[in-house]
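User: Hi! I'm new to this one and would like a friendly walk through it. Could you show it to me?

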Amino acid sequence: MGLFFRKIDPDKDSKYRQWLNSMLLVAMLINLINSLFLNWRWLYFTMTIVIGILAILIFKEYKGEN
């Protein structure tokens with residue numbers, strides 16, 4: 001759980017890691033706005049898939065770190 005609440009350190013993290021974390025935040029915000037206001041089912045499914053793929057990539061990227 002600490003993975004998602006970890007402070008992003010620009011000196012330690014690569015641009016790819018920063019991009020992954022930023023895209024995860026954007027995807028979650030789009031999903032939140034969709035569920036509160038739009039309620040478009042196709043966007044919900046798309047964002048769920050995108051969040052899942054980003055989570056897998058983040059776990060693979062941070063694997064082996066303490």
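Analyst: What follows is a short chat about this model, going from the whole chain to single residues. It is a predicted model, where local features need pLDDT of at least 70, side-chain atom pairs count only at pLDDT 80 or more, and totals for chains, interfaces and linings use all residues. Residues are numbered from 1 along each chain as its sequence is written, and side-chain values use heavy atoms, with hydrogens and water left out.

User: Thanks! How many helices and strands are there in the protein chain?

Analyst: The protein chain has 2 helices and 0 strands. Helices (H or I, at least four residues) and strands (E, at least two) are DSSP runs, numbered from the N terminus.

User: And what share of the residues count as buried?

Analyst: Of the 66 residues in the protein chain, 23% count as buried. Buried means under 20% relative accessible area, exposed over 50%, and partly exposed in between (1.4 Å probe, protein chains only).

User: How do α1 and α2 pack?

Analyst: The angle between α1 and α2 is about 155°, and their axes are 9 Å apart. Axes are lines fitted to C-alpha atoms, for helices over the stretch in contact, and angles run from 0 to 180 degrees between N-to-C directions. α1 and α2 are therefore roughly antiparallel to each other; angles under 35 degrees count as roughly parallel, over 145 as roughly antiparallel, 65 to 115 as roughly perpendicular and the rest as oblique.

User: Which buried residues does α1 have?

Analyst: They are Arg17, Leu20, Asn21, Leu24, Ala27, Asn31 and Asn34. The buried residues of α1 pack against α2 (41-62).

User: What is in the largest nonpolar core?

Analyst: That core has 9 residues: Leu20, Leu24, Ala27, Leu43, Met47, Ile51, Leu54, Ile58 and Tyr62. The largest share of this core, 6 residues, comes from α2. A nonpolar core is a set of buried Ala, Val, Leu, Ile, Met, Phe, Trp, Tyr and Cys residues joined through side-chain atoms within 4.5 Å.

User: Let's zoom in. What does alanine 27 touch?

Analyst: Not counting residues up to four places away in sequence, alanine 27 touches Met47, Val50, Ile51 and Leu54. Contact means heavy atoms within 4.5 Å. Alanine 27 sits in helix α1 and counts as buried because its relative accessibility is 4%. The C-alpha atoms of alanine 27 and isoleucine 51 are separated by 6.4 Å, though the two are 24 residues apart along the chain.

User: What about asparagine 31, buried or exposed?

Analyst: Asparagine 31 counts as buried, because its relative accessibility is 15%. Asparagine 31 is also found in helix α1 (residues 15-38). Leaving out residues up to four places away in sequence, asparagine 31 touches Tyr44, Met47, Thr48 and Ile51.

User: Switching topic: what span should α1 have?

Analyst: At 1.5 Å a residue, the 24 residues of α1 should span 34 Å, and its end C-alpha atoms are 32 Å apart, which agrees. The expected span of a helix is 1.5 Å times one less than its number of residues.

User: Last one: where is asparagine 39 found?

Analyst: Asparagine 39 is in the loop between α1 and α2. Phi of asparagine 39 is near 60°, a positive value in a residue other than glycine. Asparagine 39 is exposed, with a relative accessible area of 66%.
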